[in-house]
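Me: I am new to this structure. Please show me how to read its features, one at a time.

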Amino acid sequence: MTASTEQFAAASLRPARTEITDLPWIEDAGKVAPSDARELSKLFFDRLQSLEEGTREYSYARGTLIEMNMSLVRFAARRFRGRGPEEMEDILQVGTVGLIKAIDRFDLSREVEFTTFAVPYIVGEMKRFFRDTSWAVHVPRRLQELRVELAKAGDHLTAVLDTPPTVAELAAYLEISEEEVIEGLIAANGYTAGSIDQPSGDSEEDEGRSYADTIGAKDPAMELVEDFHALAPLLAELTDRERLLLQMRFGQEMTQAEIGAELGYSQMHVSRLLNRLLAKLRTGMLTER
């Protein structure tokens, strides 16, 4: 797939406007604001359940849902931006596959927001992509492809020559320079990594000590940094009462009953306010703003 195929199941299948009667016509669904997309998605999901698969209206409803919710894919891809722009196109494409799976499996009767339902599917496809295709270290795509060619050439020449081929023989077979062959063979070492549990050295001081013993532990708080960064602008938009509720509940660790007594609310009312507030923040963090 290429960048233009992110919406391969959407725009290319959308029927003519005159053929759609029961749903609002959205000319460019990819430009719908996330807040509007949430409401429109409910309407389109409700209609999609009653449409027959393969019809023009079904294709329009499904394709529009994909386009309207592409912001979820872009949001999920942001956590992998450290892998560089070369991989981002692939990440977005596999994320779109996850989005499509979520759309095909979503049911309004679940009484859960589609964003909450879809993000695990999207992130799951991205992680599966990394698990199946990632190298132990980052290697340029040109060298990744060369590794595959060298492996095939090596197997073929070994069968023909009855002995592993030399660099010169590989270069002649692939019609490339010996320097390129050497570069590809070196790059192939990045496809797998040695175990960090192996001994770190041969000296007596290192005896019984593995590489794992020499590296620091992962700080679990690091995973919260991006969440805090995304949450900050949402908190700034809250009312004074909403910020006070969060401060009392999570800053001062007061119980709902204590908050109610302080503000003159019933515990049930405090519970409803907090649930509504947390749902708003959660939805905001799952949607690209």
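**Aromatic pairs and what surrounds them**

Reply: A search of the whole structure finds seven aromatic pairs. This is a predicted model, in which local features need pLDDT of at least 70, side-chain atom pairs count only at pLDDT 80 or more, and totals for chains, interfaces and linings use all residues. Residues are numbered from 1 along each chain as its sequence is written, and side-chain values use heavy atoms, with hydrogens and water left out.

Me: How is an aromatic pair described?

Reply: A pair of aromatic rings is described by the distance of the centres and the angle of the planes. Rings of Phe, Tyr and Trp (its six-membered ring) pair if their centres lie within 6.5 Å; planes under 30 degrees apart are stacked, over 60 edge-to-face, and the rest tilted. Take Phe 44 and Tyr 60: their centres are 5.8 Å apart, with 50° between the planes, so the pair is tilted.

Me: Which helices hold Phe 44 and Tyr 60?

Reply: Helices (H or I, at least four residues) and strands (E, at least two) are DSSP runs, numbered from the N terminus. Phe 44 lies in helix H1 (residues 34-48) and Tyr 60 in helix H2 (residues 56-68), so the pair ties together parts 16 residues apart in sequence.

Me: Is Phe 44 buried or exposed?

Reply: Buried means under 20% relative accessible area, exposed over 50%, and partly exposed in between (1.4 Å probe, protein chains only). Phe 44 is buried, at 0%. Tyr 60 is buried too, with a relative accessible area of 0%.

Me: What kind of pair do Phe 117 and Tyr 121 form?

Reply: A tilted one, at 5.1 Å centre to centre and 45° between the planes. Phe 117 and Tyr 121 are four residues apart in helix H5 (residues 114-133), so about one helical turn separates them. Phe 117 is buried at 13%, while Tyr 121 is partly exposed at 26%. Ring pairs link both into a cluster with Phe 45, Phe 106 and Phe 114.

Me: Which elements make up the protein chain?

Reply: The protein chain has 12 helices and zero strands. Of its 289 residues, 35% count as buried.

Me: Which residues touch the most other members of the largest nonpolar core?

Reply: A nonpolar core is a set of buried Ala, Val, Leu, Ile, Met, Phe, Trp, Tyr and Cys residues joined through side-chain atoms within 4.5 Å. The largest has 40 residues, and Phe 44, Met 68, Leu 99, Phe 114, Ile 122 and Met 126 touch the most other members. Elements giving two or more residues to this core are H1, H2, helix H3 (70-77), helix H4 (85-105) and H5. H5 gives the most, with nine residues. A second, separate core has eight residues, including Leu 143, Leu 146, Leu 150 and Val 181.

Me: What does Ile 122 touch, beyond residues up to four places away in sequence?

Reply: Contact means heavy atoms within 4.5 Å. With that sequence limit, Ile 122 touches Leu 72, Val 73, Ala 76, Gly 95, Gly 98 and Leu 99.

Me: Where is Ala 153?

Reply: Ala 153 is in helix H6 (residues 141-161). Ala 153 is buried, at 2%. Leaving aside neighbours within four places in sequence, Ala 153 is in contact with Leu 170, Tyr 173 and Leu 174.

Me: Where is Arg 47 found?

Reply: Arg 47 is found in helix H1. Arg 47 is buried, with a relative accessible area of 19%. Not counting residues up to four places away in sequence, Arg 47 touches Asp 22, Leu 23 and Glu 57.
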